[in-house]
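Welcome! Take a look at the structure below, and then we will walk through a few of its features together.

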Amino acid sequence: MTKISASESPTSDVIVIGLAKIEGKGGVTTAVRPVSSNFKLDENLLIKTLAELGATGAKNEVLKIPGVNQKLLVVTGLGVHSDNYSHETLRAAAGAAARSLAGIKKATFSLPHKDSIGFAAIAEGALLGSYSFDKFRGKTKNDQKAPLTAIEIHTRFGREKSILRRAEILAKNTHLVRDLINTPPSHLTPISFCEEIRSLAKQFSLKVEITSDSQLRKLGYGGIIGVGQGSANPPRLLHISYQPKSAKKSMAFIGKGITFDTGGLALKPAQGMEAMKSDMSGAAAVCAAILAIAELKLPIRIDAWAPLAENMVSDNATRPSDVIKIYGGKTVEVLNPDAEGRLILADVLVRAAEVGHADKKRKFEGLVDVATLTGAQVVALGTRTSAVMTNDDAFSKKFLACADSTGELFWPMPLPEDLRASLDSPVADIANIGERMGGMLVAGLFLRDFVAPETPWLHLDIAGPAYNEKHPHGYTPVGGTGVALRTLVALAELTARR
Ligand code: BES
Ligand code: MN
Ligand code: ZN
């Protein structure tokens, strides 16, 4: 893990500063302006060099200029000049610079900011950008550059020690989410996922409970069993509970944990199937979130639940038209075994609400499920914006305010009543697919059937944003992104406080 510190006077030979665009009439860039956290340099000479390099100050533009004040100067684009850059602009600019500094020992980040929120954002961005995944490389391992070894933030807000500690905890756990997503299904099964989290949970006072496939069958978890029965790697239910004495409230996080989604007997096309190793992103996010919350010692009870299964093709696999019984007794006609996420989540929505309401000492604030649930989410919102669906608008507003503070893009989506009828089944209580148009909302409506109306509930569909198949940008690498983790932690912080 990359080291981080704060200083009022830069000490490294590599200095990262910002570069802003100055726009004239009609939004034409007329000039660029170097901006920093008060780092002294010869601006006129630098502006001349930047012009020769064709620098524009656009976001994600990173240029390296050697020999400025006997240092290596790294300029990272901030976009249009502002007197107060948004925290997300700073996070992304720091992240893009950090990515470009792989292989380097130490760099000082001198980016413009006016308060400790800006300082925190720069620290987070720099750490989040310092990531690499080379665990499965053999002979080519040495061709890979290690992430930046040490980061120094040039700031006058460095006395607030908790800021760097929080940034480190968020980055460490985001890296954990990314590692789990990037780990191939040959090496990440429901069982190995549980063992990995169990060993990490030992550092904190967390209760870890792993329910085996035979126990799940006995207890009536027909969703997890039905989805997992086609695989040689048996399913599991992982439950982690963090119960600090001081907690007056509680909340449950549920993450979809399909370690690989072939589509089952509704087999997906080979093209692009490899991305389905990311179908456990929700499970990784909720497990890493509870580890972060425990390390931050937040005074709130959190239960993290990860139903884990591998959706495979075999003579044991669930057939289209099979009927399964979800925990609690509702029956589902499985018309499409590729709509498997909602089946494993249904079991756990019922169970997590039961456990949440059973704690009479604490107010149960609600359920949040996180899932790479539908291709329709990607069609509707693209690859960078996640969807939020809910039965409680106040809960959703609170979550969206948290997302605003973390820079993660979430957008509210409706659960239109008229679409519910399309899930009616001629043989069971509900079918697992309905109307194709608005498929993300239909999936949300399916899940809503397993939540009591009086239980506040959020459904986060992160299908697109969880896994970056294109180019790296800002602090986001290619592969697992770690999305949702930081907003879940922010939600726990806000709920614990109020
Ligand atoms: N895991 C997929 C959804 C997905 C698609 C995630 C693309 C990330 C990127 C999910 O299990 C699935 O297969 N959903 C189906 C549902 C359909 C059969 C109703 C889909 O979206 O096509
Ligand atoms: Mn599927
Ligand atoms: Zn899936």
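Val332 has Ile430 in E18 as its bridge partner. Strand E14 (residues 331-334) runs parallel to E18, and the two pair over two bridges; strands pair when DSSP finds at least two bridges between them. Strands here are DSSP runs of at least two residues (E), helices are runs of at least four (H or I), and both are numbered from the N terminus.

Three strands make up this open sheet, in the order E13-E14-E18, with mixed pairing. Its edge strands, E13 (322-325) and E18 (430-431), each pair on one side only.

## About the model

This is a predicted model, in which local features need pLDDT of at least 70, side-chain atom pairs count only at pLDDT 80 or more, and totals for chains, interfaces and linings use all residues. Residues are numbered from 1 along each chain as its sequence is written, chains are lettered from A and ligands numbered from 1 in the order in which they are written, and side-chain values use heavy atoms, leaving out hydrogens and water.

## The zinc site

Which residues coordinate the zinc ion (ligand 3)? They are Lys256 (NZ), Asp261 (OD), Asp279 (OD) and Glu340 (OE), at 2.0 to 2.4 Å. Donors are N, O and S atoms within 2.8 Å of the metal (3.2 Å for Na, K and Ca), and sites may look incomplete because water is not among the atoms.

Asp261 also bridges to the manganese ion (ligand 2), which lies 3.2 Å from the zinc ion (ligand 3). Lys256 and Asp279 are both buried (under 20% relative accessible area, with exposed over 50% and partly exposed in between, using a 1.4 Å probe and protein chains only).
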